Amino acid sequence: MEASAKPPTIHNCTSDGGWTIVLPRRGRQRSKATKVGVSEEKQEPWAPTDSQTDPSRETSMMQKMERCINRVGSSEFYSTMRCQIQTSLSDYVHRVLGSETKMEMVVYGIGSIESYEPPRLQLSLAILMRRDFSWIGNIEVYDPVLSLSESRVIESLGCSVMSVNEHGRREAQKPTMFFMPHCEAELYNNLLQANWKLNLLRNMVLFGNSFETYKEHASLCKNSRVNSMEHILSVRRFTTEFRIKTVSDDYYNAFHDSSWHFFSPVLETELQLSDS
């Protein structure tokens, strides 16, 4: 099921002031996945392959991120996104929250914030949402390509970098937003497979590639490709999807074809897998 919201108005939404970011102390803060629903056999210890930090690289990355956060925060794209969350998504978000006051955010597959602008834009959006919405709690980030310097910069922004590779199989034992723009289909499928229970699916908010688009293209895929998307195709029976508006070309590469997804299965029979 897909819900399309009318274009939101933005005249009541304003951006806060600029950001000043301070480099962190040398101590590392690492997220422990075992306490939040990923069994030990489904995770692999992970650490950046490089062992040395470079202060000049970190300073350069921090400056890039500071500029990016300020640019996104003052953009029409973000004003539109924020108003969509405040209006069209509000009831769905609070339904996921239930009696909880916050949901954590898990960011998979962010990419290299040093080398490419789309990852910087995506991380900026996650940080801005946490700033502006009190119901968003801690942010955990993972991508196997992250360097030690990138990890330190991400931590200085108030996020934690996971010390294990969960392969996208975090169980939503409590309300959780999975922030996964432009990840591979297999990673979405892993996430859904790990949460293929009524109570877990209801605890999820997923921001990522449009599942409706996957459905549209499934008929063009080879059987092996469709099999790798079986949970994506099956979950659509009880999914409400809201597409976002990129508004300008500046944000197209980072967010095109992205949607919010909410899952509301009622019966166990709805969890039967299908390819349609």
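**Exercise 1: aromatic pairs**

Task: How many aromatic pairs does the structure hold, and how are the rings of F77 and Y251 placed?

Solution. 

Step 1. Start with the count: the structure holds 14 aromatic pairs. Here, rings of Phe, Tyr and Trp (its six-membered ring) pair if their centres lie within 6.5 Å, and planes under 30 degrees apart count as stacked, over 60 as edge-to-face and the rest as tilted.

Step 2. Now look at F77 and Y251. Their ring centres are 4.7 Å apart and their planes sit at 10°, so this pair is stacked.

Step 3. Find the two rings along the chain. F77 is in helix 2 (residues 76-86) and Y251 is in the loop between strand 9 and helix 11, so the pair ties together parts that are 174 residues apart in sequence. Helices (H or I, at least four residues) and strands (E, at least two) are DSSP runs, numbered from the N terminus.

Step 4. Buried means under 20% relative accessible area, exposed means over 50%, and partly exposed is in between (1.4 Å probe, protein chains only). Ring pairs also link F77, Y251 and F255 into a cluster.

A quick word on the model before you go on: it is predicted, so local features need pLDDT of at least 70 and side-chain atom pairs count only at pLDDT 80 or more, while totals for chains, interfaces and linings use all residues. Residues are numbered from 1 along each chain as its sequence is written, and side-chain values use heavy atoms, with hydrogens and water left out.

**Exercise 2: salt bridges**

Task: Which side chain does R170 meet in a salt bridge, and which parts of the chain does the pair of E212 and R236 link?

Solution. 

Step 1. Get the overall number: there are 10 salt bridges in the structure. A salt bridge is a side-chain nitrogen of Lys or Arg within 4 Å of a carboxyl oxygen of Asp or Glu.

Step 2. R170 meets E166, at 2.9 Å from N to O. R170 is buried, with a relative accessible area of 0%, and E166 is buried at 0% as well.

Step 3. Next, E212 and R236 meet in a salt bridge at 2.4 Å, N to O. This pair links distant parts of the chain: E212 sits in helix 8 (residues 211-218) and R236 in the loop between helix 10 (230-235) and strand 9 (239-243), 24 residues apart. E212 is buried, with a relative accessible area of 15%.

Step 4. Then take R243 and D257, whose side chains meet at 3.0 Å, N to O. R243 is in strand 9 and D257 in the loop between helix 11 (252-255) and strand 10 (258-263), 14 residues apart. R243 counts as partly exposed at 32% relative accessibility, and D257 is partly exposed with 32% too.

Step 5. Finish with the network: salt bridges that share partners join E104, E140, E166 and R170.

**Exercise 3: the faces of helix 3**

Task: Which residues of helix 3 are buried, and what do they pack against?

Solution. 

Step 1. In helix 3 (residues 90-97), the buried residues are V93, V96 and L97.

Step 2. Look down the helix axis. These buried residues fall within an arc of 100°, so they line one face of the helix. The arc is that of the directions from the helix axis to the C-beta atoms.

Step 3. Turn to the other side of helix 3, where D91 and R95 are exposed.

Step 4. The buried residues pack against strand 3 (103-108), helix 7 (198-202), strand 8 (204-209) and strand 10. Contact means heavy atoms within 4.5 Å.

**Exercise 4: strand 4 and its partners**

Task: In which sense does strand 4 pair with strand 3, and where does E140 stand in relation to strand 5?

Solution. 

Step 1. Six of the seven residues of strand 4 (residues 136-142) are buried.

Step 2. Strand 3 and strand 4 pair in the parallel sense over five bridges; two strands pair if DSSP finds at least two bridges between them. V106 stands opposite E140 in strand 4.

Step 3. Strand 4 also pairs with strand 5 (residues 160-162), in the parallel sense over two bridges. Here E140 stands opposite S160 in strand 5.
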